[in-house]
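This report is meant for a first look at the structure shown below.

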Amino acid sequence: MDTTSIPINWFLMLSTALFVVGVAGVLIKKNAIIILMSIELMLNAANINLVAFSVYNNDASGQVMALVSIGLAAAEVALGLAILLNLNKLRDTVNVDDLSILRW
Amino acid sequence: MDFTSLYEVAWLVPLLPLISFLIVGFFGKRFKDKGGMVAIGLVGAAMVLSLIIAYGALTGNLPSEGYFETSIEWVVLGSGFAFELGIYIDTLTAVMLIVVSFVATLVVIYSIGYMHEEGERRRRYFTEISLFVGVMLGLVLANNFLELFIFWELVGLCSYLLIGFWFERPSAASAAKKAFLVTRIGDVMFMIGLIIVFNLFGSLTYTDVFNEVAMANVDQTWLMWGLFFMFGGAIGKSAQFPLHDWLPDAMEGPTTVSALIHAATMVKAGVYLVARMFPLLVFNGAVNGPNVLIFIACIGGVTAFIAATMALNSPNIKRVLAYSTISQLGYMFLALGTGGYLLSQGEIESGGLGYSAGMFHLMNHAFFKALLFLSAGAVIHLVATEEMRKMGGLRKYMPITSLVMLIGALSIAGIPPFSGFWSKDEILASVFEAGSMNGVFMLLYVLGIATAFMTAFYMFRMWFMTFTGPEGEATKTVAERSSHGHDAHEHKKGRFSEHTPKVMTVPLILLAVLAIFSGMAALFFFGDTFYGVVYFDEPNHETALELLESIFTHALTYLSILVAVAGILLAYFAYYKNKIDVKAIANKPAVKPLYDMLLARYGFTKGYNWIGEKAVYGFSLVLDKFDRFIIDGLINGIGKVCMKTGKGLRKVQTGFVQTYAGVVVGGAVVMMLLMYLLMTVLGVDLSP
């Protein structure tokens, strides 16, 4: 595979951009589902990094790691959505600002 | 006969009563008499061994240095120095062994009768009394001051336990506490003295401390203070002025315990201590001036006088005896102080006589005071009261007891040939001798003579009030009991026979024999006189006849006999013939305040109570305030600061998920920046 065609920095910039979008989403958005999606964005930013370095270093273990990470993310989303579903049933909302009773 | 192998096992002497302490303490309940026989057997065995050892030591079978010593290492300190546990036997030890073991054995035997009605409690009684005897014997046999101090404290503990034997009576409980606390003042002084002496000599073993070279090498001013404080211990233990006030209260214990405390254990420990540290006192007195010795003599003389005055009008039979003990102990200290003073001034002969007379008086006093106390115990046992005004006319019901008590009274009054005369007369003679060198002793001699007069008076006042005259209300109940035969074991007895059980009268008779003869025996039957056997520096080589001659050619001897007889006659006319109306004299406006002051013990009781209730309690209140406001304030303050901080900080927990996430992100960023800075500072190359 031609490793010189796209420099590694481009991948890193892409993943960084994606990560920052994810962080911003987590910090700014009030809808819990969107927050969950933003977390997925951050995860995928990490996955891009893994794959990019895997190719760059000519080592397959990075890609294996990325696959594991994707599987984990799927499980996590299933869990997260289940929690949100129950939350919605109980509280009739998915706005995180309304869910602030666990405090001082 | 070779006694050395016997001296080697002298450690058995204190051990045997201590074994009895363990046996009776743990298994006493299984014995039918609650351990009384065990205590008698083991204390008696200790007595037999003590008497043999004492016989050996007093008949000159000691090693050539004049003492026998053996020890084991007890606590080894890092520098190779070791505290020892050991035994030290010389003639002084021997006299104490005789006194303690003999009187203690008789008291334990007597207790079988006296404590008969106590039931299950006899186990506790015999346990404690075994311990008491054991530790006192240990104190006497110790070969260093530290060991002595340990036993000294144990003696204090035992007296606390036994004075408070009837602890359910508040007066007994508080008397026990008082005895413990007041003697504690002395004990602390004793400890300070020991620390000073240890710092000076680097050792507390007698043989190291009494070494002439070592004594010459230490700072004499410091040594003086050390001795002064050690004598403070003796003041507390021997109930000397101003720490005398616990002893009259200690009468709350069983009379047998009083007898033991007064005659053999506890109070004699203080006199023994002073006699034991005599080499130091005399050496220091000779080099540094005899301040401590004069102090000892003054305390002794003043105590003898003050205690005797308090005994003059006390209505309680045991109190009278308690005051007389304090007074007689004062005589002993007077003798020791005077003897030491004369010795330190180079008067070897008369000074040695003073020392020996003090120890002689200790021995004689042990016998006649045990006799008096046990007789008083028999009286109290019969009439169930200690008030002499309720007694009277008891001679009919207890002829033996009244006779032996008369012997005791004659002995303490100093009538020849009873034992008290021989020692008391020598004490006064040596004080008079010192009087020609120092005016203070002349004053002390006057006090001593006045005390002798009062002693004779109050002892016979007690005897007449108890045994003669009209029958008091308590006596009448006895008369009723014996004529109606209420008590099964008294029912056969006639009106004029002894109402005291044999187990109590036999010890009394034995002691009475000693009260008559111990003085003469020590002068005549030792082969040498007491002064030739128990001596300091040089033995007095006068034979018994020469001694007798010197006693009876001295005009002062007749003076002391005269005042004693005068005291007895005064008591006879006032309380037997009723020629003198005592009550009228006591109620005269000029006498009344004095009379009341004596009953109030010169206000010492009040004073101590004031110290306890006002001074110490006030100080405690201050401490309480300090504790509450300063200490507690500090602790609570720290708590409050934590609470406040926590209250403030918990606002951080907003409950908003995004705040937390923001903090996490911010934290991560900060950490990365820090990392970057650190790497830059350390010079790590970050380029790919």
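In this predicted model, 11 residues of chain B are in contact with 10 residues of chain A. On the chain B side, the residues touching chain A comprise four nonpolar, five polar and two charged ones.

Chain B has 688 residues, of which 51% are buried. Its secondary structure consists of 29 helices and two strands. The C-alpha trace of chain B spans about 125 × 65 × 60 Å along its principal axes. Of the contacts in chain B between residues at least 6 apart in sequence, 77% join residues at least 24 apart.

The largest nonpolar core holds 227 residues. Those touching the most other members are Val99(B), Val103(B), Met136(B), Ala370(B) and Leu371(B). Helix 17 of chain B, residues 348-383, supplies the largest share of this core, with 20 residues. Another core, of five residues, lies apart from it and includes Val23(A), Ala32(A), Ile35(A) and Val96(A).

What does Val99(B) touch, leaving out residues up to four places away in sequence? Its partners are Ala264(B), Lys268(B), Leu362(B), Met363(B) and Ala366(B).

One pair of helices in chain B can be described in more detail. The axes of helix 20 and helix 25 of chain B come within 7 Å and cross at roughly 35°. This crossing of helix 20 and helix 25 of chain B is right-handed. The table gives their residue ranges and some of the residues that make the contact.

| Helix of chain B | Residue range | Contact residues, among them |
|---|---|---|
| Helix 20 | residues 439-467 | Ile449(B), Phe453(B), Phe457(B), Arg461(B), Phe464(B) |
| Helix 25 | residues 555-575 | Leu559(B), Val563(B), Gly567(B), Leu570(B), Tyr575(B) |

By class, the residues of the contact between helix 20 and helix 25 of chain B are 18 nonpolar, three polar and one charged.

How far does the predictor trust the model? Chain B has a mean pLDDT of 84, and 96% of its residues reach 70 or more. Over residues 486-496 of chain B, however, pLDDT stays under 50. For that stretch, residues 486-496 of chain B, the model has 12 contacts beyond four places in sequence. Where pLDDT is low, predicted coordinates should not be read in detail. The model scores ipTM 0.81 and pTM 0.77.

Terms used
Residues numbered from 1 in each chain as written. Chains lettered and ligands numbered in written order. Predicted model: local features only at pLDDT ≥ 70, side-chain atom pairs only at ≥ 80, totals over all residues. Helix = DSSP H or I, 4+ residues; strand = E, 2+ residues; numbered from the N terminus. Buried ≥ 20, exposed ≤ 12 C-beta atoms within 10 Å, placed from the backbone. Contact = placed C-beta atoms within 7 Å. Nonpolar A, V, L, I, M, F, W, Y, C, P; charged D, E, K, R; others polar. Core = buried A, V, L, I, M, F, W, Y, C linked by C-beta atoms within 7 Å. Axes fitted to C-alpha atoms, helices over the stretch in contact; angles between N-to-C directions. Left-handed = near helix turned anticlockwise from the far one by under 90°. pLDDT = per-residue confidence, 0-100.
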